[in-house]
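Here are my notes on this model, as numbered points. Please read them with the structure open.

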Amino acid sequence: MSTMTLEGWCKTTAEQKPTPLEDIRFYVTDVDRLHLEQAEEYLQKNDQKEMMVDADMNTLELQMPEGYGPLADCMFRVYLGGTEHRGQFHLVGHRASDGSLIYTNAVLIDQLIN
């Protein structure tokens with residue numbers, strides 16, 4: 001489906017400003033895309049702002065920058081953005097070594113390649 005390479009961010013505490021990371025690479029399958037589209041539709045119909053969608057670590061093919069992996073968990077955060085309320089997502093997880101929040105920049109769901 002789509003291999004994504006996005007800028008990553010790390011926060012070791014809620015109060016800390018995010019630290020930029022090198023690129024994070026991962027693979028979005030057709031099943032992932034379907035789940036992201038379903039989440040977008042649910043948010044639009046139910047007037048909600050965001051929701052989390054499970055990411056399958058077996059198919060994600062996650063490649064973290066040196067010193068920032070592995071992750072203990074990984075999900076897609078789906079939300080509606082912009083004036084047109086288009087669905088966007090980004091990858092969110094926690095570093096296994098210390099629980100730091102790791103996330104990527106966001107991408108429009110409809111920009112995923114079929």
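1. Leu 62 sits in the loop between α2 (57-60) and β4. Keep in mind that the model is predicted. Is Leu 62 buried or exposed, or something in between? Its relative accessibility is 23%, so Leu 62 counts as partly exposed. The cut-off for buried is under 20%. Along the chain, Leu 62 and Ile 102 are 40 residues apart. In space, their C-alpha atoms are 12 Å apart.

2. Glu 61 is found in that loop too, between α2 and β4. Check its backbone. Phi of Glu 61 is near 50 degrees, a positive value in a residue that is not glycine. Most residues other than glycine have a negative phi. Glu 61 has a relative accessible area of 55%, so it is exposed.

3. Pro 70 also has its place in the loop between α2 and β4. Look at the bond before it. The peptide bond from Gly 69 to Pro 70 is cis. Its omega is near -5 degrees. Most peptide bonds are trans.

4. Where is the loop that holds Asp 47? It runs between α1 (30-45) and β3 (50-54). Asp 47 is not a glycine, yet its phi is positive, at about 50 degrees. The residue is exposed, because its relative accessible area is 73%. The cut-off for exposed is over 50%.

5. Now the aromatic rings. How many aromatic pairs are there? The count comes to two. In one of them, the ring centres of Phe 26 and Phe 76 are 6.3 Å apart. Their planes stand at 50 degrees, so this pair is tilted. Phe 26 is in strand β2 (residues 19-28) and Phe 76 in strand β4 (residues 71-81).

6. Phe 76 belongs to strand β4 and Phe 89 to strand β5 (residues 86-95), so the pair ties together parts that are 13 residues apart in sequence. Phe 89 is buried, as is Phe 76. Taken together, ring pairs link Phe 26, Phe 76 and Phe 89 into a cluster.

7. Gln 88 lies in strand β5. Why does Gln 88 count as buried? Its relative accessibility is 18%, and the cut-off is under 20%. Gln 88 and Met 51 are 37 residues apart along the chain. Their C-alpha atoms are separated by 11 Å.

8. Last, the surface charge. Which residues gather in a patch of negative charge on the surface? They are Glu 7, Glu 22, Asp 23 and Glu 66. Of these, Glu 7 is found in strand β1 (residues 2-11). Glu 7 has a relative accessible area of 31%, so it is partly exposed. Patch members need over 30% relative accessible area.

Terms used:
Residues numbered from 1 in each chain as written. Predicted model: local features only at pLDDT ≥ 70, side-chain atom pairs only at ≥ 80, totals over all residues. Heavy atoms only, no water. Patch = residues over 30% accessible without salt bridge, like charges linked within 9 Å, V, L, I, M, F, W, Y side chains within 5 Å. Areas by Shrake-Rupley, 256 points an atom, 1.4 Å probe, with all protein chains shown as cover. Salt bridge = Lys/Arg side-chain N within 4 Å of Asp/Glu carboxyl O. Lys, Arg positive; Asp, Glu negative; His and termini not counted. Charge placed at Lys NZ, Arg CZ, Asp CG, Glu CD. Helix = DSSP H or I, 4+ residues; strand = E, 2+ residues; numbered from the N terminus. Buried < 20%, exposed > 50% of the residue type's maximum accessible area, 1.4 Å probe, protein only. Phe/Tyr/Trp six-rings, centres within 6.5 Å; stacked < 30°, edge-to-face > 60°.
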